Amino acid sequence: MSRQVLFSLFVVGLMTAETFAQTDSNRPRAREIGLVVGIFETGNLNAITDVSGVRVGHSTAIRDDDIRTGVTAIIPAPGNLYTNPIPAWIHVGNGYGKLIGETQVREFGEIETPILLTCTLCVWSAANALKEWVYLQPGMGEHTVNPIVGETNDSRVNNMWADPIQRDEVFEALETASSGSVREGSVGAGTGTQAFGWKGGIGTSSRVLPQELGGYTVGVLVQTNFGGIMTINGAPVGRELGTYSFRNQVSQPEDSDREDGSIMIVVATDAPLTARNLDRLGLRSIMGLSRTGSFASNGSGDYVIAFSTNTAVRKPRTSNEPVSTQVLVNDSMSPLFAATAEATEEAIYNAIFKATTVSSARGELQAIPMDSLIQILEQYEVLNWDMRIPD
């Protein structure tokens, strides 16, 4: 029996029948209920993997009565990222977090390893495993590497103090990374995370610009774990459901953690951009986050890792001669800004919609009730805008 089959049977044994029946395949993505965000078309997969060359993999760790976590790997581009790094930037919306590798990216404007997302106290072990994986890739010598590992705090249902993400989980996520559809919700780094007091997790979305605006693709992947006052296409969902920050002030302290938390956002594009304009793209991703009702609370780590896969801006690590690149001018950035905000907003909705209830000895995070949610969205007439609003 394969390792994967054994793991699946182990997971099934840990879940109740009710929880197991509530699989992510039974829950819709945003567009499957008519929730259309913005004006631009999505890619074929409506995922970050619509950007050519980007691969995503997960490893989910559900063990004993208190491990509910995982790791998600994003491989930005083919080839050796160390010898041929790609332009990138890390935009900080609110800096309460443990993001390994940030300063070198902000110094050089480049990424030289895959990106990992995991739980807060797992970042150091994950980074060590990523380092090992990078050294095993063809063309590597004895160089220093700058692993990129981001996190959110899933301790509501996960014992992150046990340091549950190790070499096996990291290698599984990296080795299984693919360019196909991306699993969303309570999977990988999103296994134990929340959003607006409901179960959140991994979500993704993409946008493809019309040819007259460049024809470029923007893809976004999020790991949600933040609070606020949930708004969906303008509908006050959080208030209608009674789950939002500062509800009744301090009379319900059990709700107080809905105002804190974090989000990791990864933005990929095939547009030829410099690190400076990738930083600007990151800012627009934060704007997409704010549309969902986040206000980036004091205890929230809100980060955007943005990169370009375009070969015209991918330079060799070393060269004795000047290297020329072709980049978009600033005046061409506005459509990409709009596409990034749209894709970020929709990726967050997908994370919430696809997430399933997760419980452990530490607590429970309930999936948002889809029937009630759809009723609210219909009440505020925010569904099927693409069919009701003229182009």
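Analyst: Let us begin with a single side chain in this predicted model. At 54% relative accessibility, arginine 276 counts as exposed, because the cut-off for that class is over 50%.

User: Which residue forms a salt bridge with arginine 276, and how far apart are the closest N and O atoms?

Analyst: A salt bridge is read from a side-chain nitrogen of Lys or Arg lying within 4 Å of a carboxyl oxygen of Asp or Glu. Here the partner of arginine 276 is aspartate 279, with the closest N and O atoms 3.5 Å apart. The two residues are three apart in helix α7 (residues 275–291), which means that about one helical turn separates them. Aspartate 279 has a relative accessible area of 17% and is therefore buried.

User: What else can be read from helix α7, for instance at leucine 281?

Analyst: For a buried residue, one asks what surrounds the side chain. Leucine 281, also found in helix α7, is buried with a relative accessible area of 0%. Apart from neighbours within four places in sequence, leucine 281 is in contact with Val267, Thr269 and Leu273, and also with Met333, Leu336, Phe337 and Thr340. As for distance across the model, the C-alpha atoms of leucine 281 and lysine 199 are separated by 27 Å, the two residues being 82 apart along the chain.

User: How many salt bridges does a search of the whole structure find?

Analyst: The search finds 11. Arginine 63 is partly exposed at a relative accessible area of 25%, whereas glutamate 169 is buried at 13%.

User: Which elements hold arginine 207 and glutamate 342, and are these residues buried or exposed?

Analyst: The side chains of arginine 207 and glutamate 342 meet in a salt bridge of 2.8 Å, N to O. Arginine 207 lies in strand β9 (residues 202–208) and glutamate 342 in helix α8 (residues 334–354), so the bridge ties together parts 135 residues apart in sequence. Both partners are buried: arginine 207 has a relative accessible area of 0%, and glutamate 342 has 6%.

User: Which residues form a network of salt bridges with arginine 207?

Analyst: When bridges share residues, they are read together as a network. Arg207 and Glu342 are linked with Arg31 and Glu346 in such a network.

User: Which residues have a positive phi although they are not glycine?

Analyst: Backbone angles are read residue by residue, together with the local setting. Asparagine 233 has a positive phi of about 50 degrees and lies in the loop between β10 (217–225) and α6 (237–241). Asparagine 233 is buried, with a relative accessible area of 9%. Alanine 296 likewise has a positive phi, of about 55 degrees, and is placed in the loop between α7 and β12 (301–308). Alanine 296 counts as partly exposed at 31% relative accessibility.

User: What share of the contacts joins residues at least 24 apart?

Analyst: Among contacts between residues at least 6 apart in sequence, the share is 79%.

User: What can be read from the surface and the charges?

Analyst: One considers the composition of the surface and the placing of the charges. The accessible surface comes to about 16400 Å², of which 49% belongs to carbon and sulfur atoms. The chain carries 28 positive and 43 negative charges, and their mean positions are 1 Å apart.

Definitions and conventions:
Residues numbered from 1 in each chain as written. Predicted model: local features only at pLDDT ≥ 70, side-chain atom pairs only at ≥ 80, totals over all residues. Heavy atoms only, no water. Contact = heavy atoms within 4.5 Å. Areas by Shrake-Rupley, 256 points an atom, 1.4 Å probe, with all protein chains shown as cover. Lys, Arg positive; Asp, Glu negative; His and termini not counted. Charge placed at Lys NZ, Arg CZ, Asp CG, Glu CD. Buried < 20%, exposed > 50% of the residue type's maximum accessible area, 1.4 Å probe, protein only. Helix = DSSP H or I, 4+ residues; strand = E, 2+ residues; numbered from the N terminus.
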